[in-house]
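Subject: Structure handover

Hello,

Here is the structure I promised to pass on. My notes on it follow below.

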Amino acid sequence: MSCFDPGQLTETIAAVSTPPGRGALGIIRLCGPDTLAILQRIFRPAGQRNQLTTHRMCFGVLVDPASGQTIDQVMAVYFAAPHSYTGEDMGEISHHGSPVLAAEILDLILQDRARLALPGEFTLRAFLNGKMDLAQAEAVRDLIDARTSYQARIAGKQLEGSVSRTIRPLKERLIGVITHLETTVEFAEDMPETESRAHLSAALADVARSLAALEDNFRLGHLLRQGASLVITGRPNVGKSSLFNRLLGEDRAIVTEISGTTRDVLREPANLFGIPLILMDTAGIRTSDDMVEKLGVERSYSALGQADLILHVMDATRHLEAEELDLIRSLPHDNLIVALNKQDLPPRTTTADTDGRLGDQTVVPVSALTGEGLDTLREAIRDRLIPPTFRPEMENGLITNLRQQQCIRQGHVQLQRAQAAMETGMSEEYSLYHLYRAVRSLDELTGQTTVEDILDRIFATFCIGK
Ligand code: GDP
């Protein structure tokens, strides 16, 4: 069933908005034209001074009108349209947090004039009623799904409209250029053509630069949203599993003196300065006759291929061998950090040795046993994931999802075509054609021109009750 069915959008909907299971409270939400009538039928305010008026919490009991039985003591609130989350009449019932009660109350509401809300339908209605744009609606979902405080902060900014605020001035500049070109087409003989073309072309170049910057930041935004994968690699027994446990903050991987203990790739989510990480511990890389270990090594290589960042661990108590140097040099330099582990023991390899033979590669001395150097290692990982050119104020225009990035890219491509048409002296209509398409792409980002199937795809990923 599509949630973008105009007939369904006029119906009253209800859903349990709190997560399944027991809790102190549970919340049931209602939205639509029959909200007040339903609340009045099942809710009895306690005492004269407790009346169900808009935007005021009211204490009372829920009663099954058929049997007259009291179901629960609750707090109910009614929000008269248009001053509600969705812009329509809405109600919320806070009941004691038992799943049995939640089911009973919902059932009571659904026996009346309401139907069960589809996933994301409350937010879809808020979007369709102009309470928020599409980027903000997506931010609601991201905020609910956030696993780290940093993810929540970025989603919170997007919910406040940071993406739309970044896009709006760019769109206005494009519209300015369009207006100018349209006038040129109309009153061609009155315009000093070459001068205005240079001026317009410079304006387009400016907007193109801003779009390119947004595209660049997407890599970081996407990492923050999805989590970056950090693969720990190295030869057997160098301390990969010990570092994995240290970075994770718990003893997840088995640590032994026996080489080849880790056979499969272990994956665990971790949080580094608010950045979500997927930590992967891999089998030590060496040639082996053991079938299972061989498979483990193959999987290590496959994990390396997909890594956002690689942490290569070396054992400082061993001599630096040519074979290991070759292995490090074969890894992608930009995504690599080397940890020189076991600093608590007398070293045979120091950073002076690695500096001489690995060039400008980041090498961090650490001890997984004592924790020495771990803070520096965490900072080195963070600095690799967050580009040095990134400043905190850029968080405001951070694009985190692929749909938004594709809109920006499409806008950028169209803009470049418009620019090329202008610079090669083609008639204004060519530039205008591409400029209108660029504006349309930016509009799609915020949902000003959205087709139904896009809405269906987005809101289907929400939870019910939001
Ligand atoms: P992996 O095979 O690379 O995953 O290595 P492990 O984490 O299993 O560690 C191999 C051995 O080295 C174990 O006996 C660990 O206790 C030991 N080890 C790991 N890190 C350190 C360290 O920083 N200092 C010392 N002294 N021993 C370590």
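Helix α13 is followed by glycine 425, whose phi is positive, near 75°. Helices here (H or I, at least four residues) and strands (E, at least two) are DSSP runs, numbered from the N terminus. This is a predicted model, in which local features need pLDDT of at least 70, side-chain atom pairs count only at pLDDT 80 or more, and totals for chains, interfaces and linings use all residues. Residues are numbered from 1 along each chain as its sequence is written, and side-chain values use heavy atoms, with hydrogens and water left out.

The 22 residues of α13 (residues 402–423) should span 32 Å at 1.5 Å a residue, and the end C-alpha atoms are 31 Å apart, which agrees. The expected span is 1.5 Å times one less than the number of residues.

Glycine 447 follows α14 and has a positive phi, near 90°.

The ligand is surrounded by 17 residues, the closest being Lys240, Ser241, Ser242, Asp344 and Ala368; a residue counts as near if one of its heavy atoms lies within 4 Å. Helix α8 (residues 240–248) gives the largest share of this shell, 3 residues. Ligand oxygen atoms lie 2.9 Å from a polar backbone atom of asparagine 237, 3.3 Å from an N or O atom in the side chain of serine 367, and 3.1 Å from a polar backbone atom of leucine 369. Taken alone, the ligand exposes 580 Å², and the protein buries 87% of that. Accessible areas come from the Shrake-Rupley method with a 1.4 Å probe, and for residues only the protein chains shown count as cover.

Asparagine 237 sits in the loop between β8 and α8. Its phi is positive, about 70°, although it is not a glycine, and at 26% relative accessibility asparagine 237 counts as partly exposed. Proline 236 lies in that loop too, between β8 (228–234) and α8, and is buried at a relative accessible area of 10%.

Two other loops are worth a look. Histidine 55, in the loop between β3 (43–45) and β4 (58–63), has a positive phi near 65° and is partly exposed at 43%. The peptide bond from alanine 81 to proline 82 is cis, with omega near 5°, and proline 82 is in the loop between β5 (70–79) and β6 (90–96).

For the chain as a whole, there are 15 helices and 13 strands, and buried residues make up 49% of the 466 residues.

Regards

Note on methods:
Polar contact = N/O pair within 3.5 Å; in protein donor to acceptor, adjacent residues only side chain to side chain. Buried < 20%, exposed > 50% of the residue type's maximum accessible area, 1.4 Å probe, protein only.
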